[in-house]
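I set out to record what I looked up in this structure, entry by entry. The entries follow the order in which I consulted the coordinates.

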Amino acid sequence: ERSRDSTGGEGRIDTAGWCKRENMGRGLRDYLSVTNDVLFQRWICRRVPPMAKIGDEDVVGLNVVVTGCTSGIGKAAAVEFARRDCNLFLACRNAAKGEKLRQELLEMVATSSGAKRKNNFRVMILDLSDLDSVVFFAKNFNGMGGPLDILVNNAGVFAMSAPRSVCFGGYELHLLTNFLSNSLLTLLLLPSLLRAAGKGRPGKAKVIMVNSKLHQMCTGFNYDDPNYESPGSYNSKKAYAQSKLSQLLFTNALRTKLLDLKGGSKEQREAAERVQLMTLHPGNVTTDVVRTLPWVVQKAYGLIMPLFLLTPEEGARSTLFAATDSNAHEASREVMNYLNSNCQPVLPSNEARDPTEAIKLWDWTMKEIGHYLSKEVKGLFA
C-alpha cells in the first residue's frame, strides 16, 4: 500500500505509522492476555493438585535455598520443603522474621514427626537490593563446602504505581532486585550447584527462577536507559516487565553456556550439563504487592481480588513442581523450560526466546556484575 510521506511525496511506505499501529496492537494483545490470566486462572489451574501431592522425587536431606521466604509464595514453598525434610536455608533480609519462620517450621516438624530436629533450618541474611549482600551470602554458603541441590530465586519486588526508586550503585529498584541480584546470586553459587550435580549425588541441581507473565509486556531491554533515568520514561509496570524479561533472557544464556562450559575441571564441566534451569509464572497471587497503593485501593483489593487471585500456597505449586517433579525439566525443554501457573509447559514471549538477544544481555550483565564474581566462577566461563 502506498502513502503520502510527510514531505508530500508519494511512493514511500509509511513504516512509522505501520510500526505504531503494530505496537498498539501488540500492547492490546498483551493486556488482554494478562487480564484473561487474572480472571480465569482458577479455571486454568483447576486440575493442579494440592501442593502436598505435587512432585515425585525424594528430596529428603537435600540442601535447598529459598529467597524471599518470610511471606507469600516464598514462605509457602519453604513450608512445603520443610515438610518434605529438606535442609532448608532461609535467605531473607530481616533476621527477626527469618528466625520467626524457622521456629514455626521447627514446631511444624515436631508436631508432625514427634522429634524436634536441630540445624535442619538455617536463617541467612540476603538483601537483593545490595550486591555486596549477595556476595556475602554466597561466600558464606559456598564456604560451608556442601552441595546446593535446589536454588529457588523467589524474592522480587513490584512497587506498583510507586515513584522510581534507586538502590545500590544507582540501579533502579526492579532492575537490581529482580534481575541483577538474582543473576549474581546464581552465578556465585555455581560451585555449590556443581557439587550437587557431581558424582555421588542425586546427579543434578536445580535453579528455579520465579518469573511473571508480565515479562511479555516488555518488547526489549532498554540498553540506552536501563534504569529509566530520562524524564518521564519510568513507570513501575514497565520497569517490572523489563526485569522479568531480563531474567528469562539471562537464564536462557546461562543454560546455553553451562551446556558448553569452557573452563573449570573436567568434573565441573560434566556436572554443569546436569544443572537444570527453569523459569515459571506462579500465577497472580494475593500478596502485599499493593502496599505502595493508596489505602482505599488496598482495601478494595483485599475484598475483591481474592475471588480471582491464587493463594500463596496455590501460587507456590509451580515452584514445587519444577523443583520436585522428575519430568518437569525434560517435558518443558521445547519451551525453554518455562512453566505456567498450572504447572504445564508454555511458550514465553517471542523476545524471551531470542538467542541473539540472550547473549547480548549476558554480555551487558557481565559488564555490570562481572567484577563481583569470584575467581573460581570467572574461571568456569574462561
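**Entry 1. Phe 321**

I located Phe 321 in helix α11, residues 317-324; helices (H or I, at least four residues) and strands (E, at least two) are DSSP runs, numbered from the N terminus. I noted that the model is predicted, that local features need pLDDT of at least 70 and side-chain atom pairs pLDDT 80 or more, whereas totals for chains, interfaces and linings use all residues. Residues are numbered from 1 along each chain as its sequence is written, and side-chain values use heavy atoms, with hydrogens and water left out.

Phe 321 has a relative accessible area of 17% and is therefore buried; buried means under 20% relative accessible area, exposed over 50%, and partly exposed in between, with a 1.4 Å probe and protein chains only. Leaving aside residues up to four places away in sequence, I found that Phe 321 touches Ile 54, Ala 328, Leu 339 and Cys 343, where contact means heavy atoms within 4.5 Å. I also looked up Gln 344, which is 23 residues from Phe 321 along the chain, and the two C-alpha atoms are separated by 9.6 Å.

**Entry 2. The sheet**

In what order do the strands of the open sheet run? I read the order of its 7 strands as β5-β4-β3-β6-β7-β8-β9, with parallel pairing; two strands pair if DSSP finds at least two bridges between them. The edge strands, each pairing on one side only, are β5 (121-125) and β9 (338-339).

I then examined β7 (residues 205-210) and β8 (residues 275-280), which pair in the parallel sense over 6 bridges. Within this pairing, Ile 208 has Met 278 of β8 as its bridge partner.

Helix α2 (residues 72-83) packs on the sheet and touches β3 (63-67), β4 (87-92), β5 and β6 (150-153). The direction of α2 makes about 165 degrees with that of β4; axes are lines fitted to C-alpha atoms, for helices over the stretch in contact, and angles run from 0 to 180 degrees between N-to-C directions. Helix α7 (residues 236-258) also packs on the sheet, where it touches β7, β8 and β9, and its direction makes about 160 degrees with that of β8.

**Entry 3. Aromatic pairs**

How many aromatic pairs does a search of the whole structure find? I recorded 9; rings of Phe, Tyr and Trp (its six-membered ring) pair if their centres lie within 6.5 Å, and planes under 30 degrees apart count as stacked, over 60 as edge-to-face and the rest as tilted.

The pair of Phe 158 and Tyr 240 is stacked, because the ring centres are 4.4 Å apart and the planes lie at 15 degrees. Phe 158 is in the loop between β6 and α5 (173-188) and Tyr 240 is in helix α7, so this pair ties together parts that are 82 residues apart in sequence. Phe 158 counts as buried at 15% relative accessibility, and Tyr 240 counts as buried at 11%.

Phe 179 and Phe 250 form an edge-to-face pair, 6.0 Å centre to centre with 75 degrees between the planes. Since Phe 179 lies in helix α5 and Phe 250 in helix α7, the pair ties together parts that are 71 residues apart in sequence. I found Phe 179 buried at 0% relative accessibility and Phe 250 buried at 1%.

**Entry 4. Gln 247**

Gln 247 is placed in helix α7 and counts as buried at 2% relative accessibility. The side chain of Gln 247 makes a polar contact of 2.7 Å with the side chain of Asn 211; a polar contact is a pair of N or O atoms within 3.5 Å, where within protein one must be able to donate a hydrogen and the other to accept it, and residues adjacent in sequence count only if both atoms are side-chain atoms. Not counting residues up to four places away in sequence, Gln 247 touches several residues, among them Asn 178, Phe 179 and Met 209.

**Entry 5. Positive phi**

Most residues other than glycine have a negative phi. I noted that Tyr 228 has a positive phi, near 55 degrees; Tyr 228 is in the loop between β7 and α7 and is buried at 5% relative accessibility. Asn 337 has a positive phi of about 55 degrees, lies in the loop between α12 (328-331) and β9, and is buried with a relative accessible area of 2%.
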